[in-house]
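This report goes through a protein model, from its overall build to single residues. Please look at the sequence and the 3D view before reading on.

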Amino acid sequence: MNRRNCWICKMCRDESKRPPSNLTLEEVLQWAQSFENLMATKYGPVVYSAYLKMEHSDENIKFWMACETYKKIDSRWSRISRAKKLYRIYIQPESPREINIDSSTREMIIRNIQEPTQTCFEEAQKTVYMHMVMDSYPRFLKSEMYQELLKTIQANNS
């Protein structure tokens, strides 16, 4: 996604456009309080994903969200299929959206996906979550995208 296609960027550049009426100043301000607050709101994950896509590092949020969905799978066969797909996309070396995890976590996943449990990606998910909290989340808060969105909503509230 480039900046010309990002709906958030377009909204922030065009001062005549208003943010969605249900995106509130309170919600946008909550995002700066903690990463947990960002991820717990309706629009936080969407805006954060758009930012990561612009940064070419959206594999982390996609993997984290995919793991959240994976943990809810009850069917053994569905879990096996989804575990193999998650491995091919995010874990396998040289995969399209390879995430940054250590080799012992990768090896543990390789062993566990033969009979995957709901928690077989848990360590990788924790690692990715910490990467986002410590690395990309602080950059997001300083980003032009977040600052412009905040400024636009504040101006619209005045």
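## Overall build

Helices (H or I, at least four residues) and strands (E, at least two) are DSSP runs, numbered from the N terminus. By this rule the protein has 9 helices and 0 strands, and its pattern along the sequence reads α-α-α-α-α-α-α-α-α. The model is predicted, so local features need pLDDT of at least 70 and side-chain atom pairs count only at pLDDT 80 or more, while totals for chains, interfaces and linings use all residues. Residues are numbered from 1 along each chain as its sequence is written, and side-chain values use heavy atoms, with hydrogens and water left out.

A residue is called buried under 20% relative accessible area, exposed over 50%, and partly exposed in between (1.4 Å probe, protein chains only). Of the 158 residues of the protein, 44% count as buried. The protein exposes about 9100 Å² (Shrake-Rupley method with a 1.4 Å probe; for residues, only the protein chains shown count as cover). Carbon and sulfur atoms supply 50% of that area. Contact means heavy atoms within 4.5 Å. Among contacts between residues at least 6 apart in sequence, 60% join residues at least 24 apart.

## The nonpolar core

In soluble globular proteins, nonpolar side chains tend to be buried together. A nonpolar core is a set of buried Ala, Val, Leu, Ile, Met, Phe, Trp, Tyr and Cys residues joined through side-chain atoms within 4.5 Å. The largest one here has 44 residues, and those touching the most other members are Trp-31, Tyr-48, Ile-91, Phe-121 and Phe-140. Two or more residues come from each of α2 (25-31), α3 (35-40), α4 (44-54), α5 (59-70), α6 (76-91), α8 (122-142) and α9. Helix α8 gives the most to this core, with 8 residues.

Which residues does Tyr-48 contact, leaving aside its neighbours within four places in sequence? They are Phe-35, Leu-38, Met-39, Ile-61, Met-132, Ser-136, Tyr-137 and Phe-140. One of these, Ile-61, has its place in helix α5 and is buried, with a relative accessible area of 0%. With the neighbours of Ile-61 within four places set aside, Ile-61 is in contact with Met-39, Tyr-48, Ser-49, Leu-52 and Met-132. Ile-61 and Val-128 are 67 residues apart along the chain, yet 8.0 Å separates their C-alpha atoms.

An α-helix has 3.6 residues a turn, so residues three or four places apart point the same way. In α6, the buried residues are Arg-79, Ile-80, Ala-83, Leu-86, Tyr-87, Tyr-90 and Ile-91. They lie on the same side of α6, because they cover an arc of only 130 degrees around the axis (the arc is that of the directions from the helix axis to the C-beta atoms). These buried residues of α6 pack against α5, α7 (103-112) and α8.

Helix α9 (residues 144-157) has 14 residues, and at 1.5 Å a residue these should span 20 Å; the expected span is 1.5 Å times one less than the number of residues. The end C-alpha atoms of α9 are 20 Å apart, which agrees. Its buried residues are Met-145, Tyr-146, Leu-149, Leu-150, Thr-152, Ile-153 and Asn-156. Seen down the axis of α9, they fall within an arc of 165 degrees, so they line one face of the helix.

## Cysteines

How many disulfides does a search of the whole structure find? It finds 0, a disulfide being a pair of cysteine sulfur atoms within 2.5 Å. The sulfur of Cys-67 has its closest cysteine sulfur in Cys-120, 8.3 Å away, which is too far for a bond. Both residues are buried: Cys-67 has a relative accessible area of 1%, and Cys-120 has 3%.

## Loop residues

Is Asn-100, at 54% relative accessibility, buried or exposed? Asn-100 counts as exposed, and it is found in the loop between α6 and α7. Beyond its neighbours within four places in sequence, Asn-100 is in contact with Thr-127 and His-131.

Glu-94 also has its place in the loop between α6 and α7. Glu-94 is exposed, with a relative accessible area of 75%, and has a positive phi of about 70 degrees although it is not a glycine. His-56 lies in the loop between α4 and α5, and its phi is near 60 degrees, a positive value in a residue other than glycine. His-56 is exposed, with a relative accessible area of 68%.
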